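Hello,

I am handing over the structure we spoke about. Please look through it first; my notes follow below.

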Amino acid sequence: MATTKNIIELSENDVDKAFRRKQIYDAVFKKGIVDFSAISTLSKDLRNQLSQKFHILEVNEVVRKESIDGTVKFLFRLSDGKCVEAVFLIDKNNHVTFCISSQVGCRMGCVFCKTGTMGLIRNLSAAEILSEVLYLYHFMTTEKGLKDQLFNIVYMGMGEPLDNFDNVMESISLITNPTFFGLSPSRITISTCGLIDRIEPAMQRFPTLRFALSLNHSIQEEREKIMPIARKFSLDEIAARLKDLYAKFKNRFTLEYVLIKDVNMSKKEIDALQRFRHQAFHINLIPLNHSDDQVKRPEEKEISRFMQELEKRHFCVTRRYRRGADIDAACGELCYRENSNAQDFS
Ligand code: SF4
């Protein structure tokens, strides 16, 4: 793989006719073909030449786990042997979402997140991120038989996307480029733990790009205990900055609130959420997906009570249901350790 170029670098020096280059790109990015030998619109000679000079994927599937709800979690190996996870999500109406990673590990250290326990190992390149999307697209078109199916992308896998800003922006340029997927930026969501100084530069490049900010606590000192980034950007700053950006771009922000038993679900926290009762925000409640020594999943009645109280106070609020819970593919559960057995990837 290392001695060949990625197919996105194909130029007129390699294949001089523009229509031929388009044929190649359409086969890969519209039909989801990831093997040159399977591109039947090209001559055998050209297929051979391409496979000697280029590769299509930067990721190799190592293991997959399939959930009873249709969610499929993949472990991908990168060219240097490091691994990341990506998740294919499908609902009962066949709405498809690709959840992709932007870093190997993460240095943000949120206490409820398994990826955070790995620390940052390295950033993914734009081509690697594109490759995750391409592999999931290939899976959708060939194995699921969903051809010409629209999809959404969430940068919600391993890593903090805004901590790998340049590569993530470049990956969005590639994904939205009509030569490749031509996906609208409004179908792409960046999930951030709160690096709010990088949201505006991203919106200047892609004004309709969506953002989901992991809030998780409404009281400053408490948020600092579960999300170290809170020491850098306070809740007051987040509220003010995002309201300004809403006024400028008319693009609403999702606030993700992971419900943790006895941590962030009392009346005091609901009162403190008041600063986010504004048309700029939509609150997404996510009951914690696992329980361990430090954190516990709330009971159903506690979740309903919290949600009803927010609705009574006229917050715009929804609950996100667990998907892929039986394969640990749900939010905060992605974690691959290099020395662990790939068969046991959590
Ligand atoms: S929640 Fe996101 S930002 Fe926080 S440690 Fe996990 S991957 Fe990193």
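**What was found**

Buried residues account for 39% of the 346 residues in the protein; a residue is buried if 20 or more other C-beta atoms, placed from the backbone, lie within 10 Å of its own.

This is a predicted model, in which local features need pLDDT of at least 70 and side-chain atom pairs count only at pLDDT 80 or more, while totals for chains, interfaces and linings use all residues. Numbering starts from 1 along each chain as its sequence is written.

The C-alpha trace spans about 70 × 45 × 35 Å along its principal axes. The protein has nine helices and 14 strands, taken as DSSP runs (helices: H or I, at least four residues; strands: E, at least two) and numbered from the N terminus.

There are two parts, domain 1 (1-56) and domain 2 (57-344), with bounds from an automatic or database domain assignment. Their centres, taken over C-alpha atoms, are 33 Å apart. Eleven residues from domain 1 and 14 residues from domain 2 take part in the contact, where two residues count as touching if their C-beta atoms, placed from the backbone, lie within 7 Å.

Around the ligand are Cys106, Met108, Gly109, Cys110, Cys113, Thr115, Gly116, Gly159, Glu160, Cys193 and Ser214; the criterion is a C-beta atom, placed from the backbone, within 6 Å of the molecule. This shell has five nonpolar, five polar and one charged residue. Ala, Val, Leu, Ile, Met, Phe, Trp, Tyr, Cys and Pro count as nonpolar, Asp, Glu, Lys and Arg as charged, and the others, Gly among them, as polar.

Regards

Terms used: Buried ≥ 20, exposed ≤ 12 C-beta atoms within 10 Å, placed from the backbone.
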